[in-house]
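This briefing goes through one protein structure, topic by topic. Please look at the sequence and the model below before reading on.

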Amino acid sequence: YTESAHWQTVAQRWVTWDAGGKNVTVNPAGYALLAGIYLLSTFLATFFNVAFYSQILNALRGQPVSISDGLRLASTRMKAIVAWSLFTGVVGLIIKALEERVGIIGRWVIKLIGIAWSVASVFVVPAIVLDPGTANPLHFLKTSAATLKKTWGESLLGYLGVQFGGLLVFVGSLVLFGLTIWISFACNTFWIVGIAAVVWVVSLVA
């Protein structure tokens with residue numbers, strides 16, 4: 001496991017490359033692996049979002065909240081979470097594949113469709129939390145779109161506000177991290193940038 005030849009042999013199951021290592025081609029098995037990783041990450045994101053939102057709703061009702069209660073509720077919605085993860089994962093792959101196969105104008109159209117999809121599905125997770133009677137992803141999408149239609153103003157502002165706020169935090173932290181790298185080079189020491197990198201990652205997660 002410590003030899004590079006072993007990992008090259010493993011990698012060749014999924015990708016192939018020429019003698020110079022410049023042109024890399026993904027095999028069907030590689031696409032299947034990437035799709036599996038993508039769908040797994042979508043499932044995990046949905047699962048923990050359901051757990052998180054369930055406790056937000058409890059807090060709004062004045063009920064006690066806990067991590068264990070959130071995870072327990074999410075585990076009872078497993079069928080719905082799996083169904084939605086597969087559905088949204090396939091839609092995401094289709095949108096990505098279309099973006100790579102069309103021209104510049106078509107790419108912008110696909111991006112707008114992607115944004116519309118993201119906005120329309122913004123209330124899917126609360127719908128999964130509040131409706132344990134079904135696992136149909138189309139039902140959750142319709143519920144989300146109907147909720148958005150009723151409160152489109154505050155919903156859209158809230159969605160864009162959260163996205164914009166996250167972007168400001170990320171860009172601001174990136175500027176501070178870049179400044180730290182410059183100071184590290186100026187002082188000719190690696191420890192400053194190493195510590196800053198750890199603090200940066202932890203801060204973004206927080």
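**Asn27 and the basis of the model**

Asn27 is located in the loop that joins β2 (24-26) to α2. Helices (H or I, at least four residues) and strands (E, at least two) are DSSP runs, numbered from the N terminus. The model is predicted, so local features need pLDDT of at least 70 and side-chain atom pairs count only at pLDDT 80 or more, while totals for chains, interfaces and linings use all residues. Residues are numbered from 1 along each chain as its sequence is written, and side-chain values use heavy atoms, with hydrogens and water left out.

- Asn27 has a relative accessible area of 17% and is therefore buried; buried means under 20% relative accessible area, exposed over 50%, and partly exposed in between (1.4 Å probe, protein chains only).
- Leaving aside neighbours within four places in sequence, Asn27 is in contact with Gln12, Arg13, Trp14, Val15 and Thr16, where contact means heavy atoms within 4.5 Å.

**Helix α4**

- Helix α4 covers residues 78-101, and its 24 residues should span 34 Å at 1.5 Å a residue; the end C-alpha atoms are 35 Å apart, which agrees.
- The expected span of a helix is 1.5 Å times one less than its number of residues.
- The buried residues of α4 include Ala80, Ile81, Trp84, Gly92 and Glu99.
- Those buried residues pack against α2 (28-60), α3 (67-76), α5 (104-120), α6 (124-130) and α7 (137-150).
- Not counting residues up to four places away in sequence, Trp84 touches Thr46, Gly89, Trp117, Ser121, Val124, Ile128, Pro137 and Leu141.

**Helix α5**

- The 17 residues of α5 should span 24 Å at 1.5 Å a residue, and its end C-alpha atoms are 24 Å apart, which agrees.
- Ile110, Gly114, Trp117 and Val119 are the buried residues of α5.

**The nonpolar core**

- A nonpolar core is a set of buried Ala, Val, Leu, Ile, Met, Phe, Trp, Tyr and Cys residues joined through side-chain atoms within 4.5 Å.
- The largest such core has 19 residues, of which Val50, Ala74, Ile81, Trp84, Ile128 and Phe140 touch the most other members.
- Two or more residues of this core come from each of α2, α4, α5, α6 and α7.

**Ala127**

- Ala127 is part of helix α6, and it counts as buried because its relative accessibility is 7%.
- Not counting residues up to four places away in sequence, Ala127 touches Phe140 and Thr143.
- Ala127 and Ile67 are 60 residues apart along the chain, and their C-alpha atoms are separated by 20 Å.

**The salt bridge**

- The structure holds 1 salt bridge, meaning a side-chain nitrogen of Lys or Arg within 4 Å of a carboxyl oxygen of Asp or Glu.
- Arg72 forms a salt bridge with Asp69, and the closest N and O atoms are 2.6 Å apart.
- Arg72 and Asp69 are separated by about one helical turn because they are 3 residues apart in helix α3.
- An α-helix has 3.6 residues a turn, so residues three or four places apart point the same way.
- Arg72 is partly exposed, with a relative accessible area of 49%, and Asp69 is partly exposed at 29%.
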